[in-house]
Amino acid sequence: MPKETGRKVIAQNKKARHDYHVEDTFEAGLVLVGTEVKSLRMGRASLVDGFAEVDRGEVWLLQVHIPQYAQGTWTNHEARRKRKLLLNRVEIDRIERKLMDKGVTLVPLSLYFKDGRAKVEIAVAKGKKAYDKRHTIRERDAMNEARNEVGRKLKGL
């Protein structure tokens, strides 16, 4: 069987970038059981309610939903279990220092396979206020309008 290469996205947390100011991102490996990997290979996962925490020098991913593998037996996994993330000590220490600030959390942005290995992109993020969200939407709409206007000018309309 040929070795898998490249990046295959399984799930993305699109709402995270809307709800948080992303300050720093990290790529982490996941400690998974066999049926979780099979379920992920079928493209089934949800990061919507997920978050991560540092506990006794280890980073854990919580509330990420990986549904049970349909062909699994009694060895099937629990859908929302606590999963360990694999990071370097330097990265864990940097994350821990950043999490000391008030209002800062660790959220998963995407779950993917990179060269056949399951990875998760986590971000140190600060929650946005309602007015920040409106401001982001306003900026995005203005950029889209400007892009559309340039396109119209180029077409001669």
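**Cores, strands and loops**

Modeller: In this predicted model, the largest nonpolar core has 25 residues, and those with the most contacts inside it are Leu30, Leu40, Leu85, Leu87, Leu111, Val120 and Ile122. Each of β1 (7–12), β2 (20–30), β4 (58–62), α3 (89–99), β6 (104–114) and β7 (117–127) supplies at least two residues of this core. A second, separate core of five residues includes Ala16, Val107, Leu109 and Ala123.

Colleague: Which residues is leucine 85 in contact with, leaving aside its neighbours within four places in sequence?

Modeller: Leucine 85 is among the residues with the most contacts inside the largest nonpolar core, and in general, nonpolar side chains tend to be buried together in soluble globular proteins. Once neighbours within four places in sequence are left aside, the residues in contact with leucine 85 are Ala28, Gly29, Leu30, Ala52, Val59, Leu61, Val120 and Ile122.

Colleague: How many of the residues of β6 are buried?

Modeller: β6 pairs with β1 in the antiparallel sense through five bridges, and alanine 11 stands opposite leucine 111 of β6 in that pairing. β6 also pairs with β7, again antiparallel, over 10 bridges, and the bridge partner of leucine 106 in β7 is valine 124. The strand is largely enclosed by the rest of the structure, because the buried residues of β6 number nine of the 11.

Colleague: What phi does aspartate 115 take in the hairpin of β6 and β7?

Modeller: Aspartate 115 lies in the loop between β6 and β7, and the hairpin of these strands has two residues between them. With a relative accessibility of 40%, aspartate 115 counts as partly exposed. Most residues other than glycine have a negative phi. Aspartate 115, however, takes a positive phi near 55 degrees.

Colleague: Which residue in the turn between β3 and β4 has a positive phi?

Modeller: The strands β3 and β4 run antiparallel and are joined by five bridges, with valine 54 standing opposite valine 59 in β4. They form a hairpin with two residues between them, and the residue in the turn with a positive phi, of about 55 degrees, is arginine 56.

Colleague: Is glycine 50 buried or exposed?

Modeller: Glycine 50 is found in the loop between α2 (34–41) and β3 (51–55). Not counting residues up to four places away in sequence, glycine 50 touches Leu62, Gln63, Val64 and Pro108. Its relative accessible area is 9%, and because buried means under 20%, glycine 50 is buried.

Colleague: Where is glutamine 63 found, and what is its relative accessibility?

Modeller: Glutamine 63 is found in the loop between β4 and β5 (83–86), and its phi is near 60 degrees, a positive value in a residue other than glycine. Glutamine 63 counts as partly exposed, because its relative accessibility is 35%.

Colleague: What distance separates the C-alpha atoms of arginine 80 and valine 64?

Modeller: Arginine 80 is also found in the loop between β4 and β5, where it counts as partly exposed at 34% relative accessibility. Not counting residues up to four places away in sequence, arginine 80 touches Asp49, Gln63, Val64 and His65. Although arginine 80 and valine 64 are 16 residues apart along the chain, the distance between their C-alpha atoms is 5.7 Å.

Colleague: Which side chain is joined to that of glutamate 36 by a polar contact of 2.9 Å?

Modeller: Glutamate 36 has its place in helix α2, and it is buried, with a relative accessible area of 0%. The side chain joined to that of glutamate 36 by a polar contact of 2.9 Å belongs to arginine 81.

Colleague: Over which ring does the charged end of lysine 82 sit?

Modeller: The count of aromatic pairs comes to zero, but rings do take part in another kind of arrangement, in which a charge sits over a ring. Arginine 41 lies over the face of phenylalanine 113, at 4.3 Å from the ring centre. The charged end of lysine 82 sits 4.9 Å from the centre of its ring, and that ring belongs to tryptophan 60.

Notes:
Residues numbered from 1 in each chain as written. Predicted model: local features only at pLDDT ≥ 70, side-chain atom pairs only at ≥ 80, totals over all residues. Heavy atoms only, no water. Core = buried A, V, L, I, M, F, W, Y, C linked by side-chain atoms within 4.5 Å. Buried < 20%, exposed > 50% of the residue type's maximum accessible area, 1.4 Å probe, protein only. Helix = DSSP H or I, 4+ residues; strand = E, 2+ residues; numbered from the N terminus. Contact = heavy atoms within 4.5 Å. Phe/Tyr/Trp six-rings, centres within 6.5 Å; stacked < 30°, edge-to-face > 60°. Lys NZ or Arg CZ within 6 Å of the ring centre and 35° of its normal. Pairing = 2+ DSSP bridges. Polar contact = N/O pair within 3.5 Å; in protein donor to acceptor, adjacent residues only side chain to side chain.
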